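Here are my notes on this model, as promised. Have a look at it first, then read on.

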Amino acid sequence: MTQKTATLTYNGKTTEYPVYSGTIGPEVIDISKLYAQTGAFTYDPGFMSTAACKSSITYIDGEKGELLYRGYPIEQLAEKCDFMEVCYLLKNGELPNQAQYDDWVNRVRKHTMVHDQLTRFFNGFRRDAHPMAVLVGVVGGLSAFYHDSLDINNPEHRMTAAIRLIAKMPTITAMAYRYNMGLPFMYPKNDYDYATNFLYMMFGTPCEEFKPNPVLSRALDRILILHADHEQNASTSTVRLSGSSGANPFACIAAGIACLWGPAHGGANEACLKMLEEIGDVSRVPEYIKRAKDKNDPFRLMGFGHRVYKNYDPRAKLMRQTCHEVLDELGLRDDPLFKLAMELERIALEDEYFIEKKLYPNVDFYSGIVQSALGIPTNLFTGIFAMARTIGWIAQWHEMIGDPEQKIGRPRQLYLGASKRDVPDMAAR
């Protein structure tokens with residue numbers, strides 16, 4: 001922390017506010033005493049210039065196209081680690097050694113099953129219910145079953161809840177899919193790694209032996225790594241805000257899932273696949289490219305550009321590699337939908353309009369294609385995202401609980417309604 005200050009003059013009165021410097025990134029002006037000293041609030045819709053917390057978990061530099069988990073570049077983690085290693089890193093701050101890794105994996109495996117009564121929750125939903133609606137309800141309902149880990153002030157309880165959430169999210173997500181399809185639930189098989197176990201619960205049957213495909217398992221594992229955390233985004237901020245009231249971790253993660261459901265957030269890769277389906281054929285790509293360039297046309301190319309990354313999304317390069325590996329493995333390069341996606345990719349990387357505006361394909365563009373190739377239905381894409389992001393939410397929630405400066409969230413407002421007035425009698429209204 002530095003000793004720098006920022007000076008503000010308001011209504012003829014000058015006040016000073018401390019300026020803090022992080023390890024990297026912009027400096028932060030501490031305005032926590034602004035209202036007490038000036039009687040004024042700041043106005044920042046979307047919190048675009050507001051740091052609501054201190055964190056040591058994830059760092060993004062949008063200008064450089066850089067994403068770090070605990071200081072490690074996402075590119076290196078996706079190449080050298082599996083998702084369980086990344087979970088340990090995000091939760092505990094350092095990468096595990098072999099003994100720590102083995103212990104961590106074993107602890108997660110012990111909690112992959114869900115309470116048998118929880119399976120009855122699914123019967124209360126319509127078969128065609130959106131999987132995210134199911135996940136919000138079922139994950140929120142976990143707190144009704146696991147009373148032994150709800151004391152948020154107990155570190156052991158927090159750790160148990162964290163492991164349960166990481167372990168049970170694949171089981172619950174796969175169950176949402178199976179229920180939607182009218183298929184019997186597949187209990188987890190803990191001989192498999194995390195990603196393979198999920199694919200088994202999704203696509204295995206009681207009738208036949210499941211044959212894992214390491215290329216597909218690795219593709220899913222990479223999707224999970226790339227989506228594990230992303231600084232103080234909308235759903236993470238929702239988890240923190242929910243947690244600031246002292247709510248239990250299961251309720252907080254359910255709140256994060258609800259926020260992630262939005263098409264502007266976790267639903268982006270689902271929207272991307274719907275866009276490809278709307279275009280329909282490679283022959284129509286020029287027409288839609290022309291429409292995308294017309295600012296008066298409501299059509300927008302989904303999966304291109306990113307609100308945070310002003311250059312290339314660092315996750316997109318890795319997801320692009322994975323995408324091509326999966327298409328080759330499954331022999332899908334000639335599939336009409338994937339040919340269409342590859343043509344859009346080619347144009348975006350070569351067309352001067354897209355290059356000038358830095359509208360490069362982002363991680364949502366490629367992850368949607370990969371998930372579709374894996375056989376995951378479009379309406380479950382955001383569920384996969386939630387499964388991946390659970391560890392990020394848990395790490396952020398855990399960090400918040402341990403922050404002595406943390407207070408219950410209470411944003412302010414610029415009130416524009418009617419001024420104080422008296423209620424007239426009925427006859428005078």
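This is a predicted model: local features need pLDDT of at least 70, side-chain atom pairs count only at pLDDT 80 or more; totals for chains, interfaces and linings use all residues.

1. Residues are numbered from 1 along each chain as its sequence is written, and side-chain values use heavy atoms, leaving out hydrogens and water.

2. Helix α11 covers residues 268-279 (helices are DSSP runs of H or I, at least four residues; strands are runs of E, at least two; both are numbered from the N terminus). Its 12 residues reach 17 Å from first C-alpha to last, close to the 16 Å expected (1.5 Å times one less than the number of residues).

3. α11 is largely enclosed by the rest of the structure, because 9 of its 12 residues are buried (under 20% relative accessible area; exposed is over 50%, partly exposed in between, with a 1.4 Å probe and protein chains only). Among them are Cys272, Leu276 and Ile279. The buried residues of α11 pack against α12, α14, α16 and α17 (contact means heavy atoms within 4.5 Å).

4. The open sheet has 3 strands, ordered β4-β5-β6, with antiparallel pairing (strands pair if DSSP finds at least two bridges between them). β4 (58-61) and β6 (72-73) are the edge strands, each pairing on one side only. β5 and β6 pair over 2 bridges, and Leu68 has Pro73 in β6 as its bridge partner.

5. Leu416 sits in the segment after α17 and counts as exposed because its relative accessibility is 73%.
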